[in-house]
Amino acid sequence: MIRKIIYGVYAIMGMMTMTACGSRPDAYEISLEKMQGFPTEDAGFLKGVSALYAGVVDGNLLIAGGCNFPDTPAADGGKKVFYRDVYIAPLSNDTVFEWKKIGQLPQAAAYGVTISTEKGLICVGGTTATHSLSDVFLLSLQKDTLHTDTLPSLPVTIDNMAGALVGHSLYIVGGNVNGVPSPSMYMLDLSDLSGGWKKGTDIPGAPRVQPVCVAQGGKLYVWGGFAPAVGERQASLSVNGYVYVPETEAWSPVAAPCDAEGNEISLGGGVGTAWGEDMILCAGGVDKDIFLKALQGIYAGKEYLLHPVEWYRFNRNLLLYHPQTDKWTTLGEYEQGARAGAVMVSQDGFHYMINGELKPGIRTHEINRIKENRR
């Protein structure tokens with residue numbers, strides 16, 4: 001793998017890294033670019049947030065909500081602040097964003113799911129500073145003015161989940177359901193909103209808070225996730241994955257993500273998106289060993305929060321999953337991908353990785369763009 005810095009842009013060209021998890025002979029040219037410009041109207045928001053709502057509307061990148069610790073760090077007992085403002089920036093081949101505030105969310109929130117559709121962005125669930133949400137609404141632009149339409153509410157409150165669109169069906173998986181970590185799935189048929197949300201087949205195994213969920217080839221893929229201890233159930237961290245086939249309403253196991261040496265990787269808190277017509281790109285996520293110890297209380301308190309960024313070992317691998325062969329390959333390791341609580345938005349072969357945590361409690365306002373060029 002060759003890396004070269006050109007005018008602040010990281011250009012990566014070469015064959016896909018051969019891994020113990022599998023390989024393909026395809027060649028790729030990948031660019032990883034740091035975007036310039038972030039909304040400056042709110043000094044707190046400017047510090048970067050986690051778990052915002054984001055997507056593409058009428059050729060614009062839209063971002064809204066999210067949360068951070070803008071005043072006092074989390075390690076010193078700081079209060080988490082949630083945001084409400086909505087911003088857009090036109091998308092182009094340029095690496096500079098020009099942001100414009102166009103309105104506000106119904107309430108300050110984060111940790112929901114955003115789905116881009118032809119009619120606008122569907123925002124599902126999430127949490128505020130005081131409570132979890134069952135709200136579902138559509139954000140659209142009408143003559144550069146933000147318009148909000150209410151959609152059928154969820155039958156439960158959900159936050160820290162994941163979701164994707166398969167055909168006309170919007171699926172929501174995992175997260176905290178009515179405040180309890182869950183492996184649940186819910187589905188809304190966008191062609192028949194009067195039918196409301198329907199309970200689907202649970203993901204097998206442990207609850208999955210902050211999993212990665214991606215639709216590809218008419219199927220739904222889920223990896224990662226974690227859950228703190230609740231009652232008699234011990235804390236858990238999942239690295240394995242499953243694929244859901246809507247026609248059979250059944251889940252089947254798929255290969256767990258792994259690095260070039262074959263070591264399994266946690267995608268909990270990471271991001272994923274469809275790559276081309278037949279693959280899935282995943283990035284970020286917490287370290288499976290370190291974060292499980294935090295969930296178990298082995299690492300806790302201020303001492304846990306004060307380590308340098310490198311100590312937390314967030315996943316640096318840019319990973320490709322190949323559904324046809326059930327194999328993973330890696331595009332290499334990059335610091336720009338080592339985030340938890342980031343959001344990924346894809347449009348026309350570009351994949352924007354937006355904000356997220358560098359370590360627990362510390363956000364970044366960086367937006368990095370991955371460009372795919374299959375040769």
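## Pockets

On a 1 Å grid over the protein atoms alone, a pocket is an open set of points with protein on both sides within 12 Å along at least five of seven lines, and lining residues have an atom within 4 Å of a point. Points are joined across faces, edges and corners, and a volume is the space filled by probe spheres set on them. The model is predicted: local features need pLDDT of at least 70 and side-chain atom pairs count only at pLDDT 80 or more, while totals for chains, interfaces and linings use all residues. Residues are numbered from 1 along each chain as its sequence is written, and side-chain values use heavy atoms, without hydrogens and water.

The largest pocket has a volume of about 1200 Å³. Its lining comprises 40 residues, with Thr114, Ile115, Gly163, Gly272 and Met344 nearest the centre. Two or more lining residues come from each of several strands, including strand 10 (113-117), strand 15 (162-166) and strand 27 (271-275); strands are DSSP runs of E with at least two residues, and helices are runs of H or I with at least four, numbered from the N terminus. The lining has 21 nonpolar, 17 polar and two charged residues, where Ala, Val, Leu, Ile, Met, Phe, Trp, Tyr, Cys and Pro count as nonpolar, Asp, Glu, Lys and Arg as charged, and the others, Gly among them, as polar.

The second largest pocket holds about 610 Å³. Among its 27 lining residues, Tyr111, Gln210, Phe226, Phe291 and Glu357 are closest to the centre. Helix 1 (288-296) gives the most to this lining, with three residues.

## Nonpolar core

A nonpolar core is a set of buried Ala, Val, Leu, Ile, Met, Phe, Trp, Tyr and Cys residues joined through side-chain atoms within 4.5 Å. The largest has 20 residues, of which Ile63, Phe97, Trp99, Ile354 and Ile367 touch the most other members. Strand 32 gives the most to this core, with three residues.

## Arg339

Arg339 lies in the loop between strand 30 (327-333) and strand 31 (343-347). Contacts of Arg339 (heavy atoms within 4.5 Å) include Phe314, Glu357 and Glu366.

Technical notes: Buried means under 20% relative accessible area, exposed over 50%, partly exposed in between (1.4 Å probe, protein chains only). On a 1 Å grid over the protein atoms alone, a cavity is a set of points where a 1.4 Å probe fits but cannot get out, and a pocket is an open set with protein on both sides within 12 Å along at least five of seven lines; lining residues have an atom within 4 Å of a point. Lists of a residue's contacts leave out its neighbours within four places in sequence.
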